Amino acid sequence: MTDSIDVTACDWEREPDPSDSLRTFGAVVQALREHAGLSRVDFGARVRFSKHTVESVELGRRMPDESFVERAEEVLGNTGALRKAAGHLARGEAGLAAWFRRWARLEKVAVSLCTYECRLVPGLLQSEGYARAVFEGTIPVVTDEELETLLGVRMERQRMLYERPTVPFSFIVEEHVFRRRFGDMEQMRAMLDHVLEHSAPRNVTLQVVPLEAGLHACLDGPVRLLETSEGRRFAYSEGQQNGRLIADVKEVSLLQQRYDTLRSQALNPKESRGLLERLRGEL
């Protein structure tokens, strides 16, 4: 039976960071296999892949190729479920938190993007020194190699601001975010310079919520909103070690209303730029 196992299966690379979609697909395969009363050895023999390959797919460690999906379908009832699920598979993306990956993929095709932030400078506007300080302060501590990967991905994402000049990017950020100290004065000035530079293009709007603005509609926390070319709107909220992609129309609409209200309460772009320039001059 060993001779009938696909040689290519042995050449698959283990996924360095399994994605949610791979784990979900693997769990479905395992559930259907167990429902059929098949062990991994028996199932592997029928689909002509090794027991270890079956295990790796079920645990989300390997991306199944087309032949695996087709043979698994035939063995497990030919319902079409695995074929449909396979169409949504995505590899893990190094440098991105698992809960952020789906949003990151939507960002790349969005026709508009709005960001409200009250904790730190938005990732799309962070200077390399600021981003490095953020990653160096994470717990658990990352290795030097992981830190460089995280930095590379963050800096790469910022290219969207220039590579997609017809896409409007809107940022609303609390003033205290820019006042929070890190590193030395030179790094602080470099951060403000970076924000001013990256918010200068005509498709980028930055508004600052001044300290004296008081309480407002977005106090529940940071939020991101986007619209796709099909007119669909999504939102994303993030907390400690988790993030939530929101597709419910009513919930997204509510968050958009809050964002629009805060936009009217924040300083206008010219005033916001003036505030950042004054902060830089104080350093």
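Visitor: At roughly how many degrees do the axes of helix α3 and helix α5 cross?

Guide: The axes of helix α3 (residues 40-47) and helix α5 (residues 66-75) cross at roughly 115 degrees and come within 9 Å, where an axis is a line fitted to C-alpha atoms, for helices over the stretch in contact, and angles run from 0 to 180 degrees between N-to-C directions. That makes α3 roughly perpendicular to α5, since angles of 65 to 115 degrees count as roughly perpendicular, under 35 as roughly parallel, over 145 as roughly antiparallel and the rest as oblique. This is a predicted model, in which local features need pLDDT of at least 70 and side-chain atom pairs count only at pLDDT 80 or more, while totals for chains, interfaces and linings use all residues. Residues are numbered from 1 along each chain as its sequence is written, and side-chain values use heavy atoms, with hydrogens and water left out.

Visitor: OK, and which residues make that contact?

Guide: From α3 come Phe43, Arg46 and Val47, and from α5 come Phe68, Arg71, Ala72 and Val75, with contact meaning heavy atoms within 4.5 Å. Helices here are DSSP runs of H or I with at least four residues, strands are runs of E with at least two, and both are numbered from the N terminus.

Visitor: Which residues of α5 are buried?

Guide: The buried residues of α5 are Phe68, Val69, Arg71, Ala72 and Glu73; buried means under 20% relative accessible area, exposed over 50% and partly exposed in between, with a 1.4 Å probe and protein chains only. Just after α5, glycine 77 takes a positive phi of about 110 degrees.

Visitor: What about serine 50, is that buried or exposed?

Guide: Serine 50 counts as buried because its relative accessibility is 18%, and its place is the loop between α3 and α4 (51-58). From arginine 40, serine 50 is ten residues away in sequence and 8.5 Å away in space, C-alpha to C-alpha.

Visitor: Switching topic: how many residues are in the largest nonpolar core?

Guide: The largest nonpolar core has 34 residues, and those with the most contacts inside it are Phe169, Phe171, Phe178, Met191 and Leu276. Such a core is a set of buried Ala, Val, Leu, Ile, Met, Phe, Trp, Tyr and Cys residues joined through side-chain atoms within 4.5 Å. Among the elements that give it two or more residues are β2 (169-174), α12 (185-198) and α14 (269-282), and the largest share, five residues, comes from α12.

Visitor: What does methionine 191 touch?

Guide: Not counting residues up to four places away in sequence, methionine 191 touches Val121, Ser127, Tyr130, Phe178 and Phe182. There is also a second, separate core of 16 residues, which includes Phe43, Val54, Val57 and Ala72.

Visitor: You mentioned α12 and α14, so how close do their axes come?

Guide: The axes of α12 and α14 come within 10 Å and cross at roughly 160 degrees, which makes α12 roughly antiparallel to α14. In this contact, Arg189, Leu192, Asp193, Val195 and Leu196 in α12 meet Arg273, Leu276, Glu277, Leu279 and Arg280 in α14.

Visitor: Now the strands: in what order do they form the sheet?

Guide: Six strands form an open sheet in the order β3-β2-β1-β4-β5-β6, and the pairing is mixed, where two strands pair if DSSP finds at least two bridges between them. The edge strands are β3 and β6 (242-246), each of which pairs on one side only. Five of the six residues of β3 are buried, so β3 is largely enclosed by the rest of the structure.

Visitor: Do β2 and β3 pair in the parallel or the antiparallel sense?

Guide: β2 and β3 pair in the parallel sense over six bridges, and in this region serine 170 stands opposite threonine 205 in β3. By contrast, β5 and β6 pair in the antiparallel sense over five bridges, and glutamate 238 has glycine 243 in β6 as its bridge partner.

Visitor: Which helix holds glutamine 256?

Guide: Glutamine 256 is in helix α13 (residues 249-265), and it counts as buried because its relative accessibility is 14%. Leaving aside residues up to four places away in sequence, glutamine 256 touches Leu225 and Arg233.
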